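Subject: Structure handover

Hello,

Here is the structure I promised you. Please open it alongside this message.

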Amino acid sequence: MIRPCSVILATLLCTTAPIALAQQEALPVKQQHAPLDIIEADQDRNAVVFYADQSSVDPNSDEIIARGNVVLIHDGYRLETQLLRYNDITGIAEAEGGVKITNPDGTVLKATSVRLSGTLRAGVIENARLILRDGSRVAANRGERFDNGNSELREAVFSPCPVCDDKPQKKPLWQIKALKVVHRQDKKRLYYDNAFFEILGVPVFWLPYLSHPDPRVERASGLLVPEIRSRQELGIVVELPYHLALSPSMDATITPILTTKETPVLAANFRHHVGSGFYQLDGSINYGDQPSESVTGIPDSGFRGHVFSEGRFVHGKSWQSTYQAQMVSDDTYLRLYDFSDDDTLISSYNLEGFYDRTYLSAELIGFRGLRLEDMGGLTAQALPSIEMSYVTDPGFLGGTVEARFNSVQLVRFSGADTARATTSLQWQAPVTTSLGQRIVFDAFLRSDLYHMQDADITDDPVFAGVNGTKARAMARASATASWPFVKDMGAASQTIEPIIQIAAIPEGGNPRGIANEDSRAFELTSANLFSLNRAPGFDTWEGGSRATYGVRYRLDMSDIALAAMAGQSYRTTRLNDVFPEGTGIADKRSDLVGSVDLSVQDWLNFSYQFQLDKDSMDPRRHEFVSTFGTDVFRVNMGYLRIDRDLAFAGRTNREEIRFDATLNATENWRVYGGLVHGLGRDARPVEYETGLLYQNECLELGLRIRKRFTEDRDIERGTSIGLRIRLRHLG
């Protein structure tokens, strides 16, 4: 009478386990009338633990009957019921009275009754309710399990939405009803016949056939939820993604994009992990109208599309490579179909080596500008850029020496070519005195060699060079001293730190004829005030000895942190032929720059940057970014004003405000919105956006409205509306 108990347990668990357990001809059974915690503590995993308030055997029929709090436990599986009958002659087992089966993975099966027959691996379940580990539920009036482990449920309902056990009549947010549901264990999928999709109990649409992975599957092939939106230029846009799980390390998504005003687009994404690295491909193709041929030089109709790719690979212990490729048929395609808002595409390949204190890098970089004023043939490409550096162990005064080599070959397909090679040696030693002053000594030597061709054909004549070969040598010696004064006031601490930097630098260093390729976008800020070469690249050198002075302040309390800094520099010579007026360092005396950063607990963060004219103290640059609020309501604000009278592209005067806010109205509802708006005399809005988002355990529903006030060729100003629905287990 031992074997039937083990087989009954194995059968009722609705897993593939019954096949293995049925082969165990004799398992020790322990009948107990003891507390359940003693049963659960049993360490013999092969034993079948049997517990019931009453148990008996009918001598006439050989029927085993167990009543009252019947429990069977084996190998982590647990069966609970109020009445269990097993007939050893007919091989039929029946469990009644609130049957509950708990699997080791947390899956729970509940039923009013279970009847098994034959090999005891097949049978019928009445009023079954399967609660999966992630909370998803399958309920059916009647179910049948077959010898191969598959199950067929009649008049069944599936939903991942939570339902209260004490309110079974309450409808879940969404569910799928079907006349028949087949669960294929081998394929880990659910198959529906005559499926009705319901929201809040209301049928929304009907499908004669539907299939999706069961919740055990992390990734599987199939349709993802469509995305619907509207756009001024395209009309109604519908995306229909289909996901392909090609292997454990490879997948793809194919997405037809249908519009009411333009021809369809076919988009695709492919991802692959190869063990030593990964790569992915994104792309699309379309045959339709181009922007005006007079603007782009591309025929008015033809193929449009894009290809993006990126990846990273490890080559042994010391080398790695990364790449990205970005290609598009024309300037506006990516923004038109909402693939990207970038106005510059970058394609690159970088090979890096790391050897103790040595670093090596070789990189190829290509650029493509997508703005109306960009001229493709005059955009510089770095083919290649090489970097090598070596840092010694600490030596004299604890200082280190860094030897560095950098070179770049800038190529323009229809313009100037520039080649540069740079070598440098730098010694740095930080010293802390007995009084707490910190002094950083620095000595620096550098030499550059340039060669330029077609120098007069460039994207910006202001930064052009002269044909031929140029060489230069630069030197610098400096000391930067700071002396922090700290005062503790119980729960608060204040620090005032005066800083002074003296740099001895020969005048010059910028011979006529050297092109400025990498130091055009310069601005003086508190972040680079104490940088020894404040130009961002190699091409511009800040010559002339100078003194830089400033002060830092910091306040630390339990809930408040405040940091502020202000400073200025004085140089022995003017550099208005190198740095334009408005940058802040063209004259001997620089503009005054500073910053303030404040945080109060987790509800306020405030950052402010400023640049004030050295003579009039008029603001040349104001920028602040602030975030305040709680998890319920949070606001981000930004303000920028630039008044430097710089005529270079992208550096003109402007004033604008940015704002966005999020309100978590309830646990599930979120409202958000934002804007970018110009200020001043020629102020105009740039973009408005607002949206509504609902999220819970089984559904994500979002509505977004975006209004753009900018236009570019075939991109019109207008309003777009996006609707997104994400259903758990269905994409």
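This is a predicted model: local features need pLDDT of at least 70, side-chain atom pairs count only at pLDDT 80 or more; totals for chains, interfaces and linings use all residues.

Residues are numbered from 1 along each chain as its sequence is written, and side-chain values use heavy atoms, leaving out hydrogens and water.

Start with Leu 598. It lies in strand β34, residues 592-600. Strands (E, at least two residues) are DSSP runs, numbered from the N terminus. Leu 598 counts as partly exposed because its relative accessibility is 26%; that class sits between buried (under 20%) and exposed (over 50%), with a 1.4 Å probe and protein chains only.

Which residues does Leu 598 touch, leaving aside those up to four places away in sequence? They are Ile 560, Ala 561, Leu 562, Leu 604, Asn 605 and Phe 606. Contact means heavy atoms within 4.5 Å. Ala 563 is 35 residues from Leu 598 in sequence, yet their C-alpha atoms are 6.5 Å apart.

Now the paired strands. Two strands pair if DSSP finds at least two bridges between them. Strands β38 (residues 654-663) and β39 (residues 669-678) run antiparallel, joined by 8 bridges. They form a hairpin with 5 residues between them. Ile 657 faces His 677 of β39 across this pairing.

β39 also runs antiparallel to β40 (residues 685-695), through 9 bridges. Here Arg 670 has Leu 693 in β40 as its bridge partner. This second hairpin has 6 residues between its strands, and Gly 680 takes a positive phi near 95°.

Best wishes

Conventions. Helices (H or I, at least four residues) and strands (E, at least two) are DSSP runs, numbered from the N terminus.
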